Amino acid sequence: MTQFEVVRDPLWNNIRLEPEALAVVDTPAFQRLRYVRQLGHAFLVYPGATHTRFEHALGTYHLARRVLAQLDALEEGLPLRLAALLHDIGHYPFSHALEEAGLPHHEDLAARHLTTGPLADVLEGLGVPASRLLPLIQGTSPAPLAGIVAGSLDVDKLDYLSRDATMCGVPYGVIDVDRLLTSLTLTDGQVALHAKGLAALESLLFAKYQMYRNVYWHHAVRSATAMFKRLVRRTIAAGRMSAETVAVATDDGLTHELAQHDTTGLAAALRERRLAKRALDIAGTDLPAETATWPATDPDLLQQVEERLARDVGLGPDELFLDFPSKPGMLDVTIPVVGRSGGAAQHIGLPRVAAELHRSAQRLRVFVMRPVNIPAKKIIDLVTAPNP
């Protein structure tokens, strides 16, 4: 008889872990995820947001198992199940802040964990080496079911939106997961959606929009994130920590190390929740249609602009932060629909207004550690200039 364990989960109730999954979970690399919070500094706003990448990974595995069972592919789906379990194995501490700060994306760091050490040995023993898992995790696999792990309707989104909303205590991320899962099927060798699942898919996309607007891009969360990014960038630039060391740290471990040699005062401010306050806060819909991408994509230029602005208004170099987060693909969806021409995007309304919804979720903010006057026109001119 196959042995398995059942983990009690506040979201999905019972999560069944087979021997292969248990072997992966019991490695040091995976256990590290117990100490990496899912939502970074969001707990400073939503006290319940202390859930970790560990339980999210288990939930993602659970949903992958359910999808494979729905598609009658459970027996041959071991690589997909393990890829779902390990999709965040390379994740940084404090959510996506360090990717915004200019460090490599966490999917690119997965290889470090999957190719060396006890986890690599376990995967080799299971006959599922890193070479099979990495393309699934990084979204480059041509496998028919690869979209289950990394796609527009993947099990990662189904778990994190549901889990984040539940743990934050907000109603915005409610998704009809059962309807979505039972609407999945295989058509022409790829995962497709029955038309009966279109309304549930539309609700998922709207939940994602709402979570970005109200949780992920909440002003206090973004203030703490901006402060944290500056703190880590200063620490790495000074040679006190390397990007490689930061990448394998835990939340508490990194917090401790940053506090030991901090010259900016930001470590103590974060610890004591003395967050930078809004000196400027402009809705994306109040900005010109064409804005520059550099505030979200060029952290080096962003810091140069922030330091220049700080000098202009009489603040120190680590007392002003410009924040204009962007995720233009947040409402992208490419899954085909059974019995209908075109994909899901052609049959639901949200993608047609995706650009406007993205703008309405965005806020252009300037955070400051001391009260100063920030001229709005100057900041607007900056973010509409390609090279400020």
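# Helix packing and selected residues in a predicted model

Helix 3 and helix 4 are roughly antiparallel to each other, because their angle of about 155 degrees lies over the cut-off of 145. Helix 4 is largely enclosed by the rest of the structure, since eight of its eight residues are buried, while helix 18 is mostly covered, with six of its eight residues buried.

**Helix 4 and its surroundings**

- The buried residues of helix 4, which spans residues 78–85, are Leu78, Pro79, Leu80, Arg81, Leu82, Ala83, Ala84 and Leu85.
- The cover over these buried residues includes helix 1 (19–25), helix 2 (28–31), helix 3 (53–70), helix 7 (117–125), helix 8 and helix 9 (155–168).

**Helix 3 against helix 4**

- The axes of helix 3 and helix 4 are 7 Å apart where the two helices pack, and their crossing is right-handed.
- On the helix 3 side the contact is formed by Ala57, Leu58, Thr60, Tyr61, Ala64, Arg65 and Leu68, which meet Leu80, Arg81, Ala84 and Leu85 in helix 4.
- By residue type, this contact of helix 3 with helix 4 divides into eight nonpolar, one polar and two charged residues.

**Helix 8 against helix 4**

- Helix 8 (residues 130–138) also packs on helix 4, with the two axes coming within 9 Å and crossing at roughly 60 degrees.
- Helix 4 and helix 8 are therefore oblique to each other, and the crossing of this pair is right-handed.
- In this contact Pro79, Leu80, Leu82 and Ala83 in helix 4 meet Arg132, Leu133, Leu136 and Ile137 in helix 8.
- The residues of the contact between helix 4 and helix 8 divide into seven nonpolar, no polar and one charged.
- Leu80 is listed in the contact with helix 3 and again in the contact with helix 8, whereas Arg81 is listed in the contact with helix 3 and Pro79 in the contact with helix 8.

**Helix 18 and Ser360**

- Helix 18 covers residues 354–361, and its buried residues are Ala354, Leu357, His358, Arg359, Ser360 and Ala361.
- These buried residues pack against helix 11 (198–216) and strand 7 (363–368).
- Ser360, which is found in helix 18, has a relative accessible area of 17% and is therefore buried, the cut-off being under 20%.
- The side chain of Ser360 makes a polar contact of 2.7 Å with the side chain of Tyr209, and the Ser360 side chain also reaches the backbone oxygen of Leu357 at 3.2 Å.
- Once neighbours within four places in sequence are left aside, the residues in contact with Ser360 are Tyr209, Arg213 and Thr285.

**Arg365 in strand 7**

- Arg365 is found in strand 7 and is buried, with a relative accessible area of 6%.
- Two polar contacts involve the Arg365 side chain: one reaches the backbone oxygen of Trp217 at 3.0 Å, and the other, at 3.3 Å, joins it to the side chain of Asp281.
- Not counting residues up to four places away in sequence, Arg365 touches Trp217, His218, His219, Arg222, Arg278, Leu280, Asp281, Phe321, Leu322 and Asp323.

**Two loop residues**

- Arg340 lies in the loop between strand 6 (320–323) and helix 18, and its relative accessible area of 40% makes it partly exposed.
- Although Arg340 and His194 are 146 residues apart along the chain, their C-alpha atoms are separated by 9.2 Å.
- Arg340 touches Ala195, Leu198 and His347, with residues up to four places away in sequence not counted.
- Gly127 is found in the loop between helix 7 and helix 8, and at 41% relative accessibility Gly127 counts as partly exposed.
- The C-alpha atoms of Gly127 and Ala269, which are 142 residues apart along the chain, are separated by 48 Å.

Terms used. Residues are numbered from 1 along each chain as its sequence is written. This is a predicted model: local features need pLDDT of at least 70, side-chain atom pairs count only at pLDDT 80 or more; totals for chains, interfaces and linings use all residues. Side-chain values use heavy atoms; hydrogens and water are left out. Axes are lines fitted to C-alpha atoms, for helices over the stretch in contact, and angles run from 0 to 180 degrees between N-to-C directions. Helices (H or I, at least four residues) and strands (E, at least two) are DSSP runs, numbered from the N terminus. Angles under 35 degrees count as roughly parallel, over 145 as roughly antiparallel, 65 to 115 as roughly perpendicular and the rest as oblique. A crossing is left-handed if the near helix is turned anticlockwise from the far one by less than a right angle, and right-handed if clockwise. Contact means heavy atoms within 4.5 Å. Ala, Val, Leu, Ile, Met, Phe, Trp, Tyr, Cys and Pro count as nonpolar, Asp, Glu, Lys and Arg as charged, and the others, Gly among them, as polar. Buried means under 20% relative accessible area, exposed over 50%, partly exposed in between (1.4 Å probe, protein chains only). A polar contact is a pair of N or O atoms within 3.5 Å; within protein, one must be able to donate a hydrogen and the other to accept it, and residues adjacent in sequence count only if both atoms are side-chain atoms.
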